[in-house]
Each structure stands twice: as structure tokens, then as C-alpha cells.
Amino acid sequence: MTTLGIQHFDAFLLACIALNMTPGLDTFYILTRSGREGRAVGMAAALGINAGCIVHTLAAVLGISAILMTSAIAFSVLKYLGAAYLVWIGLRMLFSRATTRKPTVTRGQGLAAAFRQGMLTNVLNPKVALFFLAFLPQFVSMQAPHPQLGLLVLGLSFIGTGTTWSMMLALLGGHIHRLLTTRPRFGQWMDRVCGTVLLGFGVKLALQRQP
């Protein structure tokens, strides 16, 4: 840890757990996908979100995220792309029709879509990129021989705690899914509510100002 410049690693892990457990877009998305399509799809969504965190970690290590801090154009482009994507997903859920699907088809299509959408909602959110850029360096001494490796270790540690919590959310969503299979009207109602909330996240992201 000394050569990596990591400081107060125990405090960092506690902060990671607290931050991961704070409800937000990721929490809502995992519960939505696992609630609508089952536990396996929720786990795919969780893996996609944390794959997005790997992208943000590497961006922070390489200094790419700093561009978002200094460039209003780069921040705005990523922000509006992410907002448009969230709005698109929300509208699809709002206007979706209840259809009868075979479990194998739903599971196969859902896994790929959940992973892809989870990753994109995370990667296209500039707030997440700036979070990694601002949070990780607080626990690494830049005077250490290899501070970039220290940032990488911290980022992977954050992802480890996040993946654990995300899988627990997917399991919880699996219980919701079993309820929805016996009450199709409740499933339609959930689609409308979830679509509206995702639209709200998209609008909120679009209105976000560069820090």
C-alpha cells in the first residue's frame, strides 16, 4: 500500500459501502430489471453497471475524466447523450404493451439488453465520471511512486463493494418478479411507474450543470 500511496483504506471501504447503499439510478434500474424479468436479468444489469464503473475508473486513472471538469462542451455532450438514453428507456416502458413471452426467450434477450443498458446508463453519466475523479484521489498520495496504481486499486475496491450490493438488489428484485408473474396488472402498473421515474432521471441529468 505504501508504494501505491493509498491512505486510510479502511475509511475508504466504509465510505464505499455507504455510497453504494445510497438509493439512486443504479439501485432503481437493477430493481426494475430484476422485478420485470427475473433475478438473472437483474444480475446482468448489475454487472453492466459495474462494468461502466470500470470504464470510469480507468478514465480517472488516465486523467480522461479531467476533461469533463474543464471542458463545457465535453460535459454537455456526454450529459445530453445520457439524458436522451434514459428518456428513451423511460418512454419504451411507458408505452410498452403487456405481451406473453416464453421464459427462455425473455431470459436470453433480457440478459444482453440489461447488461448493455446498465453499462450505458453508467458510462453516459458525467456525474459518475466526476465522482470517480473527485473521490478516489482523496485516499491516494500523489507523491507516492505509483499513485495511478493506487487509484486503480481503489476503483476496483469500490466496484467490488458495489457489485456485492448490486447482486443483493437483484435477488430482492427476483422476489418482486415472482409477485408480478401472478399479478400481470401489477406488472403493467410497475412499467408505467418505472418509465416515469426513468424519464425524471433523464430530465434531471439534462438540467445538471457542470461543477
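How far apart do the end C-alpha atoms of residues 151-173 lie, and how much of the span is helix? This is a predicted model, with local features needing pLDDT of at least 70, side-chain atom pairs counting only at pLDDT 80 or more, and totals for chains, interfaces and linings using all residues. Residues are numbered from 1 along each chain as its sequence is written, and side-chain values use heavy atoms, without hydrogens and water.

**View 1. Two annotated spans.** The end C-alpha atoms of residues 151-173 lie 32 Å apart, and the span is 100% helix and 0% strand. For residues 73-95 the distance is 33 Å, with 96% helix and 0% strand. An unreviewed UniProt entry lists both among its "transmembrane region" features; such annotations may be inferred rather than shown by experiment.

**View 2. The largest nonpolar core.** This core has 18 residues. A nonpolar core joins buried Ala, Val, Leu, Ile, Met, Phe, Trp, Tyr and Cys residues through side-chain atoms within 4.5 Å; buried means under 20% relative accessible area (1.4 Å probe, protein chains only). Helix 5 (72-94) is one of the elements giving two or more residues. Its share, 7 residues, is the largest. Helices are DSSP runs (H or I, at least four residues), numbered from the N terminus.

**View 3. Around Met93.** Beyond four places in sequence, Met93 contacts residues including Thr32, Arg36 and Leu198. Contact means heavy atoms within 4.5 Å.

**View 4. Helix 2 against helix 3.** Helix 2 (residues 25-37) and helix 3 (residues 39-62) pack at about 155°, axes 6 Å apart. Axes are lines fitted to C-alpha atoms over the stretch in contact, and angles run from 0 to 180 degrees between N-to-C directions. Helix 2 is therefore roughly antiparallel to helix 3 (over 145 degrees).

Notes: Buried < 20%, exposed > 50% of the residue type's maximum accessible area, 1.4 Å probe, protein only. Parallel < 35°, antiparallel > 145°, perpendicular 65-115°, else oblique.
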